[in-house]
Amino acid sequence: MSMLEFGFMQRALVACTAVCIVAPLVGAFVVQRRQSLIGDGMGHVAFAGVGVAFLAGFAPLWGAAGFAVLAAFALWKLQRSGMSGDLSLAMVFYGGIALGYLLMHRSGMGLNSVLVLLFGSPLNLDWDMVWPIVALAGTVCVIVLALYGPLVAAAFDESAARVSGVPTDKLALVLTIVVGLIVVGGMYALGLLLVAAMMVVPVAAASQLARSYRGTMALGAAIGGSSAIIGLTLAFYADLTPGASIVLTAIAWYLLAAAVRSVALRTTSDAHASA
Amino acid sequence: MSEHGPDDHAAAAARRAERAPPLRRPAGVGEPPVVAFEQVTFGYGRIPVLREVNLRIAPGEFVALIGPNGSGKTTLMKLGLGLLRPTYGTVRLFGVPVQRFSDWARIGYVPQRAGAESAVPVNVAEVVRSGLAGRLGLVRRPSRAQRAHIEHVLDLMGLGPLRKQAVSALSGGQQQRALIARALVTDPDLLVLDEPTSGVDADARGVLRESLEHLLRIHGVAVCYITHDPAGFSGLADRVLELRAGRLVECADPSVHHHEHELPANGRGLP
Ligand SMILES: Nc1ncnc2c1ncn2[C@@H]1O[C@H](COP(=O)(O)OP(=O)(O)OP(=O)(O)O)[C@@H](O)[C@H]1O
Ligand SMILES: [Mg+2]
Ligand SMILES: [Zn+2]
């Protein structure tokens, strides 16, 4: 029986593919700015947001999204006040995970629900959950594409971009917010601990083969999306945990791309040697 | 020099006219300096770097800035471009205090040792086009004239055949040319070059020199050129300034600096 006949698989495919296509689009800028771990940190913050939502009794997704946006502003303020980038990240992120755990414990949320948040559970999504996830991914996609030119300029050379009139400061804030939103979007699909991997790994894989920024983003999105489909298929037929098999599929893409690149480099250098 | 058509320059002249409408200034009073430093003092933390520096660069003027490592050349230019704030004194761009300046398309900046290393692959055309991002803002795509000008600067820097190459696959000199092309893409009135020839071979220096001549003669760009290599500006510079112990010293005769290192400290003696 095909996996597509199961409603839960359809929902998992829609949610995971949407997130995994968009995450590398954001990731291309995060990787270029050498902030590969910021997605991981935003996961910590979203964790606190879920805790707040639980206590206050509103939807965890929106609680997490709101908290991620607040954290992005806090980081921005801290960095502008002169605290080093590194240290301000650590402050906000460890604060997030500590607060989150404290609040969840307080609200009597079970350990199982905590595990779902950390590692995801895409096979248990209702359509009511899938649409907000798709909407978040879509919003993030539109923002990134609209800001594409300035984002490339700032990621490539921040001070030259500033001198050419790009508002690099505000752009950094928007990028952090967008990272937070895509992390929240992937929270149920891939889990807070794994979603950040999909921002970074497909970009690393695409970078092995592409020669342009645009090409890297397109290939990264394709690798992300295909990792979601392949990973879920493997999870269905081999009874694996879905989030983990999606991320491992992306890592397999990376290894394959790196192998292809090294073979290509070797053949071109052989050609030069024999010429 | 280069074989680009007259159209490029007709477009450039039109842009210039549109950018600088006839000003309501009494006749005979010139345009404001492209950049003016007035009594600028600056230090990183408590370490003083620049002391009461005064400098005005006129439209179309070529100023060479020299001085030993750590003398504050890069710092001075960052102050000029608003990347740093002076402790005392003021900086104006085109007559406007730098913190209120907004017409950034009039300025091209090639940072020192920016290198073009990049975690994500990026090709030459993308790097050059990124210089327009501030001009275009959101979503807008380059106009036909802007695309023509992109072609012009790619040509000027000898990058036409390399446009689709990943920047990481270029030599240091080619990367530097890509960064200069990026700075030129808005057709600026002031070009700041911070050691554009460090680690660059004689050929690439030749390309840079020719393109500078073109920019000065045809486009009327003012240039601030920081370097340790006097050969790069000899015969081009209107003025040579030297930073020493935080102060700016004007060297009266630019040609003297051809052999700067063999000459006595006052720079005027004959060998
Ligand atoms: N970000 C910084 N923080 C603290 N001190 C700095 C910083 N940047 C530069 N300095 C110090 O300021 C002084 C001037 O530096 P600057 O880079 O302006 O010199 P420079 O003339 O451009 O030198 P070079 O020829 O090596 O490029 C140096 O003593 C340097 O150590
Ligand atoms: Mg310097
Ligand atoms: Zn020209």
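How many bridges join strand β4 (residues 88-93) of chain B to β5(B)?

1. The answer is two, and the strands β4(B) and β5(B) run antiparallel. Strands (E, at least two residues) and helices (H or I, at least four) are DSSP runs numbered from the N terminus.

2. This is a predicted model, in which local features need pLDDT of at least 70, side-chain atom pairs count only at pLDDT 80 or more, and totals for chains, interfaces and linings use all residues. Residues are numbered from 1 along each chain as its sequence is written, while chains are lettered from A and ligands numbered from 1 in the order in which they are written.

3. In chain B, an open sheet of four strands has the order β2-β1-β4-β5, with antiparallel pairing; two strands pair if DSSP finds at least two bridges between them. At its edges lie β2 (47-57) and β5 (96-97) of chain B, each pairing on one side only.

4. Ligand 1 is surrounded by residues of chain B, including Y44(B), K73(B), T74(B) and Q112(B). Helix α2 (residues 73-80) of chain B supplies the largest share of this shell, three residues.

5. Chain A has twelve helices and zero strands. Its radius of gyration, 19 Å, is close to the 19 Å that the globule rule gives for 275 residues, so chain A is as compact as a globular protein of that length. The radius is taken over C-alpha atoms, and the rule is 2.2 Å times the number of residues to the power 0.38.

Definitions and conventions. A residue is near a molecule or strand if its C-beta atom, placed from the backbone, lies within 6 Å of it.
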